Amino acid sequence: DDADGDYYYLQQAAGDYWFYLEAGDEEHMFFIVKDDDKIVKPAYKSIDVITEVEITCEGTNIPLDTKVGVDKLTEGEQYKEIMDVLDVEENDTFDITLFSMSTDKYISKLDNGTFEVKLPVSDKFKDKNLIVYYVDDNKNIIEYDVEVEDGYATFATNHFSIYTLAEQPAAPEIVVEDEE
């Protein structure tokens with residue numbers, strides 16, 4: 001009954017696996033016990049050192065050799081098309097990709113789970129209400145709410161593409177006229 005005792009430990013290992021290992025003149029007993037409460041679940045985290053964009057993902061969805069690639073866009077055809085749709089002047093636009101060396105392919109979407117993306121907040125956006133936009137192939141605008149903390153705007157997504165950080169437009173003022 002002693003939780004620190006050998007007999008108690010053997011009882012806990014019952015039904016699992018135990019082995020003897022001989023090394024030279026020494027013999028050791030070891031166990032493989034099913035106890036997933038103590039298993040550390042891997043998490044993916046990568047930072048692009050140039051743009052300081054950070055990506056994290058809990059679980060085993062992303063191979064741990066995956067590298068984040070980020071290009072900050074300020075010009076080009078794709079950038080112009082996105083700006084025409086969004087109609088925002090001040091923005092930070094990032095083309096984010098993930099590439100796994102072990103699978104030799106880009107990871108563009110998660111079927112299960114989400115990525116947490118941290119975008120650095122530049123001085124032009126300090127103390128402003130921010131939002132992240134994604135423009136899909138049909139020119140639909142998808143908005144992502146962000147939390148700003150420690151100089152980063154953080155949002156969750158399940159895919160990678162081009163994301164634009166901008167100031168959230170103020171809600172239109174509603175004027176109610178008195179009827180007389």
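This is a predicted model: local features need pLDDT of at least 70, side-chain atom pairs count only at pLDDT 80 or more; totals for chains, interfaces and linings use all residues.
Local features are given where pLDDT is at least 70, side-chain atom pairs count only at pLDDT 80 or more, and totals for chains, interfaces and linings use all residues. Residues are numbered from 1 along each chain as its sequence is written, and side-chain values use heavy atoms, with hydrogens and water left out.

The protein holds 2 helices and 13 strands, taken as DSSP runs numbered from the N terminus (helices H or I, at least four residues; strands E, at least two). Some totals follow.

| Item | Value |
|---|---|
| Buried residues (under 20% relative accessible area, 1.4 Å probe, protein chains only) | 31% of 180 residues |
| Accessible surface (Shrake-Rupley method, 1.4 Å probe) | about 13,200 Å² |
| Carbon and sulfur atoms in that surface | 45% |

An open sheet of 5 strands runs in the order β3-β4-β8-β12-β11 with antiparallel pairing, where two strands pair if DSSP finds at least two bridges between them. Because β3 (43-47) and β11 (147-149) stand at the edges with a single partner strand each, one side of each is left without a neighbour in the sheet. β3 and β4 pair over 5 bridges, and Ala-43 stands opposite Glu-58 in β4.

Note on methods. Buried means under 20% relative accessible area, exposed over 50%, partly exposed in between (1.4 Å probe, protein chains only).
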